[in-house]
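Student: I have a model open and want to learn to read it. Where do we begin?

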Amino acid sequence: VKTSLVHRYEPWGTARQIMSARDPELLVSGPAGTGKSRACLEKVHTMCLINPGMRALIVRKTLSSLGSTALVTFREHVAKESLQVGHVEFYGGSPQEPPQYRYTNGSVIVVGGMDKATKIMSSEYDMIYVQEAIELTENDWEALTTRLRNGKVSFQQLLADANPSTPTHWLKQRCDRGLTRILNSKHEENPTLFTREGTLTDVGRSYISKLDNLTGVRYARLRKGQWVAAEGLIYEDWDPNVHVVDKFDIPEVWPRYWSIDWGYTNPTVIQMWAEDPDGRLFLYREFYMSRRIPADHAVAVLKVVAPGGQWIEPKPTFIVTDHDQNDRIAFERGVGLSSRNAKKDVLNGIQAVQSRIRIAGDGKPRLFLVRGALVERDNNLVDAKRPICTEEELPGYVWDISEGKQPKEKPVKEDDHGCDALRYMVAEKELGPSYRFRSFS
Ligand SMILES: Nc1ncnc2c1ncn2[C@@H]1O[C@H](COP(=O)(O)OP(=O)(O)O)[C@@H](O)[C@H]1O
Ligand SMILES: [Mg+2]
């Protein structure tokens with residue numbers, strides 16, 4: 001019996017160009033929600049259908065983030081019908097093989113993260129799609145280009161999408177130098193947001209109004225699609241390539257510290273830090289969750305650090321929290337540990353953090369975030385396009401220069417909850433009673 005499948009996808013504007021482009025490196029840039037990822041996934045799927053035996057790779061910096069984003073769109077929209085009738089099947093992987101979608105015509109789409117690259121990098125591909133390519137390093141990118149030589153398709157392509165970052169980002173520079181072609185996608189090209197005539201749909205109206213509520217550099221990038229730097233950055237030396245490190249096994253003997261900024265409508269941020277023998281701090285775990293009360297935070301925390309009532313890592317040497325007494329007490333009761341009030345002097349705290357972020361004489365900073373520290377994504381924040389972890393706050397944490405204020409007086413009080421907890425942590429270490437802090441340079 002012959003089955004014929006009906007799959008509906010209408011590429012508009014840039015999406016149409018993506019489908020036909022054969023450039024060896026192609027970046028689809030644009031604000032949030034224009035249909036970048038959808039278009040890239042549709043292309044990979046279509047190519048797998050028409051080129052039997054082809055091998056594709058869908059990759060993101062971490063495998064876990066891929067699972068919650070691109071693969072959902074792939075399953076629920078792009079390959080939906082093919083999966084239903086069995087033209088495509090998901091194979092969950094084995095110790096030897098990475099997870100993959102297998103087509104009855106012999107084509108394969110491998111899925112993976114650059115955080116666990118061995119399995120995916122030992123293969124060759126005809127096409128690679130990188131989701132949120134700004135998260136990669138240029139080394140990651142170049143390593144991927146060497147994997148494109150399977151030869152089952154008449155051209156090879158490293159296809160990527162991204163929301164804009166800074167104009168100095170290596171990927172933008174690569175586009176400016178002409179190594180990578182860039183296509184700029186727009187909201188008007190997403191038929192769920194706009195009609196053909198260019199008027200907003202109901203869905204579009206509510207989505208765009210969410211983006212219009214963003215401020216500063218997040219507004220410029222996620223609403224307007226601009227590669228711009230934040231003005232008045234507080235942590236100017238912050239560089240994800242330096243300060244964000246891969247997960248590693250933390251030795252038992254490293255002391256642990258917890259730092260908390262309370263919120264309810266805004267997220268509560270609970271950071272867990274480990275300190276190496278040289279005094280470097282690593283944020284190895286983070287709870288970043290709105291609309292959850294302290295007692296429930298305590299439950300969520302214990303589930304991770306003491307599953308079944310057994311502590312599986314050292315208890316914190318101290319817990320610092322901001323000054324909300326009720327929240328503090330409820331949390332203390334819940335976890336069975338006491339805490340202390342954070343040193344809240346903003347400017348001294350910021351200075352202490354700046355000093356730790358700066359690269360010291362030995363070529364290293366004194367503060368790191370561990371990739372994948374976030375325990376659980378807050379979908380309310382995802383929907384609102386707010387930062388979902390401290391790492392996402394830092395590049396937009398800026399001085400308030402409104403109404404003639406001088407920079408370096410005070411920070412903008414927005415999307416700063418992880419930055420506050422981070423500052424409490426460093427202040428507790430650095431700002432003794434005399435409020436002097438050690439300089440490492
Ligand atoms: N041409 C299209 N037809 C139908 N739905 C689309 C189209 N383009 C995008 N969408 C839908 O719009 C939403 C946002 O698209 P997505 O690709 O995730 O945006 P981006 O990657 O640019 O943030 C998704 O649900 C996607 O399926
Ligand atoms: Mg996307």
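**Reading salt bridges, sheet and helix packing**

Tutor: Start with one residue: arginine 280 is buried, at 6% relative accessibility. Keep in mind that this is a predicted model.

Student: Which residue forms a salt bridge with arginine 280?

Tutor: The general idea comes first. Side chains of opposite charge can pair when their charged atoms come close. Here the partner is aspartate 362, with the closest N and O atoms 2.8 Å apart.

Student: Is aspartate 362 buried or partly exposed?

Tutor: Aspartate 362 is partly exposed, because its relative accessible area is 42% and buried means under 20%.

Student: Which residues are linked with this pair in a network of salt bridges?

Tutor: The network links Asp276, Asp278, Arg280, Asp362 and Arg366.

Student: How many salt bridges does the structure hold?

Tutor: The count is 34. Take arginine 292 and glutamate 376, which meet at 3.1 Å, N to O. Arginine 292 lies in the loop between S12 and H12, and glutamate 376 in the loop between S15 and helix H15 (379-384), so the pair ties together parts 84 residues apart in sequence. Arginine 292 is buried at 18%. Glutamate 376 is partly exposed at 35%.

Student: What about arginine 356 and glutamate 430?

Tutor: Their side chains form a salt bridge at 2.7 Å, N to O. Arginine 356 is in helix H14 and glutamate 430 in helix H17 (residues 417-430), 74 residues apart. Both residues are buried.

Student: Now the sheet. In what order do the strands run?

Tutor: Read across the sheet, strand by strand. The order is S9-S15-S12-S11-S10-S13-S14, an open sheet of 7 strands with mixed pairing. Strands S9 (244-245) and S14 (340-341) each have a single partner strand, so one side of each has no neighbour in the sheet. S9 runs parallel to S15 (residues 367-370), joined by 2 bridges. Valine 245 has valine 370 as its bridge partner in S15.

Student: Which strands does H12 touch?

Tutor: H12 packs on the sheet and touches S10 (256-261), S11 (268-275) and S12 (281-289). The direction of H12 makes about 135° with that of S12.

Student: How do I read the packing of H12 and H13?

Tutor: Look at angle, distance and contact residues. H12 (residues 294-305) and H13 (residues 325-335) pack at about 35°, with axes 8 Å apart. The contact includes Val301 and Leu302 of H12 and Ala330 and Phe331 of H13. By class, the contact has 7 nonpolar, 2 polar and 1 charged residues.

How values were computed. Residues numbered from 1 in each chain as written. Chains lettered and ligands numbered in written order. Predicted model: local features only at pLDDT ≥ 70, side-chain atom pairs only at ≥ 80, totals over all residues. Heavy atoms only, no water. Axes fitted to C-alpha atoms, helices over the stretch in contact; angles between N-to-C directions. Helix = DSSP H or I, 4+ residues; strand = E, 2+ residues; numbered from the N terminus. Contact = heavy atoms within 4.5 Å. Nonpolar A, V, L, I, M, F, W, Y, C, P; charged D, E, K, R; others polar. Pairing = 2+ DSSP bridges. Salt bridge = Lys/Arg side-chain N within 4 Å of Asp/Glu carboxyl O. Buried < 20%, exposed > 50% of the residue type's maximum accessible area, 1.4 Å probe, protein only.
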